[in-house]
Amino acid sequence: MSDIDSSDWLRPAENPTDANAAGADAADRRLDAAAIAQASSVSDEIEAEKSSTIDEEAAANNPEVAEAVKRIEALRQTIDNIDGAVIHLLAERFKATAAVGVLKAGAGFAPADYKREDYQIARLQRIAIDAGLDTNIAEMYREFVVTESKKRHKRIADAGGDPGVLDVFA
Ligand SMILES: O=C(O)C(=O)C[C@]1(C(=O)O)C=C[C@@H](O)C=C1
């Protein structure tokens, strides 16, 4: 179990096909390294831009700004609630995948199951389309959580099936 080579389970992304293309195979929807690099260079640009602190003082002499500030504050409360819910959901997801990792390690299964992943890719693409979410965001989410679970499965396997090793970011 501990001799699993990471190249067996961290399959490189294939085909930089547009994730929104109708009829593309699940494998075609995988994010490739170039798409990830492009996304992170855009975030670097945003990071380099100037930022603003929105506060009551800025709105004091302008009712339009005051109204915008009020609406931003209300939306921020919703955003904070959503972020909290997402963290709770991720905690539950990683607890479930850690339990899968223990079972896989015990049964001698490899960390990755690409048939399952292809099903997940296709399913999340459909859900994203129905929900009005950019399908690249759905794929970025899937790629993040599944890659992280596979790393954690491997660490559990390397520890002889002990999930106690998962106290730090894998
Ligand atoms: O379902 C599994 O077999 C898992 O190990 C869980 C999971 C996931 O995070 O959803 C992780 C790795 C697999 O390649 C597929 C799915």
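Trainee: Where does R116 lie?
Mentor: R116 sits in helix 5. Helices (H or I, at least four residues) and strands (E, at least two) are DSSP runs, numbered from the N terminus. Residues are numbered from 1 along each chain as its sequence is written. This is a predicted model, in which local features need pLDDT of at least 70 and side-chain atom pairs count only at pLDDT 80 or more, while totals for chains, interfaces and linings use all residues.

Trainee: Is R116 buried or exposed?
Mentor: R116 is exposed, because 11 other C-beta atoms lie within 10 Å. The cut-offs: buried means 20 or more other C-beta atoms within 10 Å of the residue's own, exposed means 12 or fewer, and partly exposed is in between, with C-beta atoms placed from the backbone.

Trainee: What separates R116 and V65?
Mentor: Their C-alpha atoms are separated by 50 Å. Along the chain, R116 and V65 are 51 residues apart.

Trainee: And D130, where is that found?
Mentor: In helix 5. D130 has 8 C-beta neighbours inside 10 Å, so D130 counts as exposed.

Trainee: Let's zoom out. How many helices and strands are there in the chain?
Mentor: The chain has 6 helices and 0 strands. Along the sequence the pattern is α-α-α-α-α-α.

Trainee: What share of the chain is buried?
Mentor: Buried residues are 14% of the 170 residues.

Trainee: Now packing. How are two packed helices described?
Mentor: By the angle between their axes and the distance between the axes. Axes are lines fitted to C-alpha atoms, for helices over the stretch in contact, and angles run from 0 to 180 degrees between N-to-C directions.

Trainee: At what angle do helix 4 and helix 6 cross?
Mentor: The axes of helix 4 (residues 63–107) and helix 6 (residues 135–158) cross at roughly 40° and come within 9 Å. That angle is why helix 4 counts as oblique to helix 6. Under 35 degrees is roughly parallel, over 145 roughly antiparallel, 65 to 115 roughly perpendicular, and the rest oblique.

Trainee: Which residues of helix 4 and helix 6 meet?
Mentor: R93, T97, A98, G101, V102, K104 and A105 from helix 4 meet V145, S149, R152, H153, I156 and A157 from helix 6. Contact here means C-beta atoms, placed from the backbone, within 7 Å. The contact of helix 4 with helix 6 divides into 6 nonpolar, 4 polar and 3 charged residues. Ala, Val, Leu, Ile, Met, Phe, Trp, Tyr, Cys and Pro count as nonpolar, Asp, Glu, Lys and Arg as charged, and the others, Gly among them, as polar.

Trainee: And helix 5 with helix 6, at what angle do they cross?
Mentor: Roughly 145°, with the axes of helix 5 and helix 6 coming within 9 Å. Helix 5 brings E117, Q120, I121, L124, Q125, I127, A128 and I129, and helix 6 brings T135, A138, E139, R142 and V146. The contact of helix 5 with helix 6 has 7 nonpolar, 3 polar and 3 charged residues.

Trainee: Which residues are around the ligand?
Mentor: T97, V100, A112, D113, R116, E117, V145, V146, S149, K150 and H153. Near means a C-beta atom, placed from the backbone, within 6 Å of the molecule or strand. Helix 4, helix 5 (114–131) and helix 6 each give two or more residues to this shell.

Trainee: Which element gives the largest share of the shell?
Mentor: Helix 6, with 5 residues. By type, the shell around the ligand divides into 4 nonpolar, 3 polar and 4 charged.

Key
Two residues are in contact if their C-beta atoms, placed from the backbone, lie within 7 Å.
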